[in-house]
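Trainee: I am new to this structure and would like a close look at one kind of contact between charged side chains. Could you take me through it slowly?

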Amino acid sequence: MKASATQGAKPTHLHRRARSVGALLALSLGAKPAGGEINYDLSGFGTLGGAISDQDFIYQRYIDDEGTINPDTLLGIQLDTKLNDAWGITLQVKGAPSNHSDTTWEPTLTWAFLSWRPTNDWLLRAGRLRLPLLLYSANNDVGATFDFARLPTEVYSVTPTPDVTGLSFSKTWLTDAREWTLEGYLGMAHTDWRFYLRDGFEPLLQAGSLYQGLDMALGGLVLSLRLDKSYWRLGIHHAAAQLDYGEVYTGYPYVEIAPGIGYYQTFEELPGPGVQTTGTVGINLLTLGTEIELPFQTRFVGEYVRRQFENADIGPDVNAGYLALLRPVGRLTPYVYWAGIRTTDDALNLFEATNGTRVPAYIPSADFINAAQIAGADFLAAQDQQSFAVGASYSPTPTSKIKAEWMHVRTGAVSSFVDAPAGEESGGRQLNVFSLSYSFMF
């Protein structure tokens with residue numbers, strides 16, 4: 001992604017969300033029920049959780065050996081309004097750590113849509129919607145509805161945005177033993193992409209986290225099959241993304257100073273032929289998921305995501321997946337899972353080449369050039385990581401879960417989930433994360 005010296009700009013997407021909600025409320029105020037009164041259902045959900053690791057560097061924005069409540073703790077309120085048998089309105093607000101700051105919490109309007117069900121097998125929605133991307137996408141904030149202490153980050157961080165403002169449809173076909181569902185959506189979304197700069201690139205960029213906004217036009221189709229107690233899901237998605245602050249870097253040209261000595265032009269401020277850029281980057285997403293009932297009441301859950309960048313050779317071009325086994329024993333459900341994510345070979349090779357390039361001190365502006373190599377490598381946002389987790393959930397009531405988990409993480413060449421200290425690498429790391437949480441609905 002292209003770097004920018006501009007940080008902390010007020011996100012304009014909040015204004016766009018306000019206009020969308022205003023339009024939806026106007027529709028609701030003008031709606032007339034066919035008969036009877038309008039029905040309201042107010043509900044809520046939340047999680048109080050903590051996590052601590054055995055390392056002093058930061059993992060997943062917050063987790064280190066001092067402990068934190070930020071990764072899991074949240075509170076949400078949802079209002080469902082039934083105008084009549086066919087029409088309804090849903091509003092949901094969530095309070096949680098900000099998705100464009102490491103230090104603040106903020107309320108977020110997660111759902112705000114008008115729904116129309118003309119028949120039992122058709123559902124149409126318009127407004128701010130949760131995307132039908134992964135098995136737990138629709139309910140990933142409602143921890144009481146799944147057993148994992150934390151959904152595998154390697155997979156659930158890959159989707160470019162959880163929500164879209166637009167239109168969606170769902171069509172269901174029922175047979176004697178099968179239930180087929182086809183879902184589709186089309187809309188716009190804004191998200192913030194986080195980068196972490198180990199050493200900074202003075203005077204242009206400071207060390208630490210930096211958020212850059214992406215505006216996207218998205219569309220996709222998801223086909224699912226439910227057979228007895230098993231479930232399969234296949235999705236194809238496409239997004240056209242534009243960076244708020246300018247062009248997207250698509251690769252770094254190599255500049256040779258002398259035989260065997262050179263550097264990668266990671267920023268326009270460095271001498272060279274010019275960094276290749278594009279105004280719009282295409283993102284293709286393939287999602288596969290299944291939940292299968294095995295003998296002895298054991299459940300197998302697995303998901304795979306392929307995120308491909310059409311015209312940029314950068315780190316977010318990844319393969320990711322996880323495999324899990326769960327077995328309920330009364331109110332207790334122990335589980336194990338393995339998860340992994342890896343940048344494609346071309347993008348990972350570019351990271352390793354850029355990250356490992358240094359020019360000798362006698363080269364003019366050597367410090368500036370070398371700092372640009374490290375910062376440029378960080379902006380590639382490459383991934384090479386695996387994790388293994390053992391945990392359990394306990395349901396004291398039908399609407400609550402207590403969860404505990406131990407997770408072991410290993411990074412390969414690099415991991416953008418690790419905020420490496422200045423002068424160090426995120427690759428070649430190991431850490432253990434211990435999590436405890438209580439999730440509820442009301």
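Trainee: Which residue forms a salt bridge with Asp-345, and how far apart are the closest N and O atoms?

Mentor: The partner is Arg-342, and the closest N and O atoms of this salt bridge are 2.7 Å apart; the term stands for a side-chain nitrogen of Lys or Arg within 4 Å of a carboxyl oxygen of Asp or Glu. Please keep in mind that this is a predicted model, in which local features need pLDDT of at least 70 and side-chain atom pairs count only at pLDDT 80 or more, while totals for chains, interfaces and linings use all residues. Residues are numbered from 1 along each chain as its sequence is written, and side-chain values use heavy atoms, with hydrogens and water left out.

Asp-345 is partly exposed because its relative accessibility is 48%, a class that lies between buried (under 20% relative accessible area) and exposed (over 50%), with a 1.4 Å probe and protein chains only. Arg-342, with a relative accessible area of 37%, is partly exposed as well.

A search of the whole structure finds 19 salt bridges, and another of them joins Glu-424 to Arg-429, with 2.8 Å between the closest N and O atoms. Here Glu-424 is partly exposed at 37%, whereas Arg-429, at 15% relative accessibility, counts as buried. Salt bridges that share partners also gather Lys-94, Arg-128, Arg-130, Asp-141 and Asp-163 into one network.

A further pair is Glu-183 and Arg-233, whose side chains meet at 3.7 Å, N to O. This pair links distant parts of the chain, since Glu-183 belongs to strand 8 (residues 178–197) and Arg-233 to strand 10, 50 residues apart; strands are DSSP runs (E, at least two residues), numbered from the N terminus. Glu-183 is partly exposed, with a relative accessible area of 21%, but Arg-233 counts as buried because its value is 11%.

As a contrast, consider a nonpolar surface patch of about 810 Å², whose residues include Ile-52, Leu-294, Trp-338 and Trp-406. Such a patch takes residues with over 30% relative accessible area and no salt bridge, nonpolar side chains (Val, Leu, Ile, Met, Phe, Trp, Tyr) being joined within 5 Å, and the areas come from the Shrake-Rupley method with a 1.4 Å probe, only the protein chains shown counting as cover for residues. Strand 17 (318–326), strand 18 (332–343) and strand 19 (383–397) each give two or more residues to the patch. Trp-406 itself is found in strand 20 (residues 400–415), and it is partly exposed at 31%.

Definitions and conventions
Patches are made of residues with over 30% relative accessible area and no salt bridge: like charges are joined within 9 Å, nonpolar side chains (Val, Leu, Ile, Met, Phe, Trp, Tyr) within 5 Å. Helices (H or I, at least four residues) and strands (E, at least two) are DSSP runs, numbered from the N terminus.
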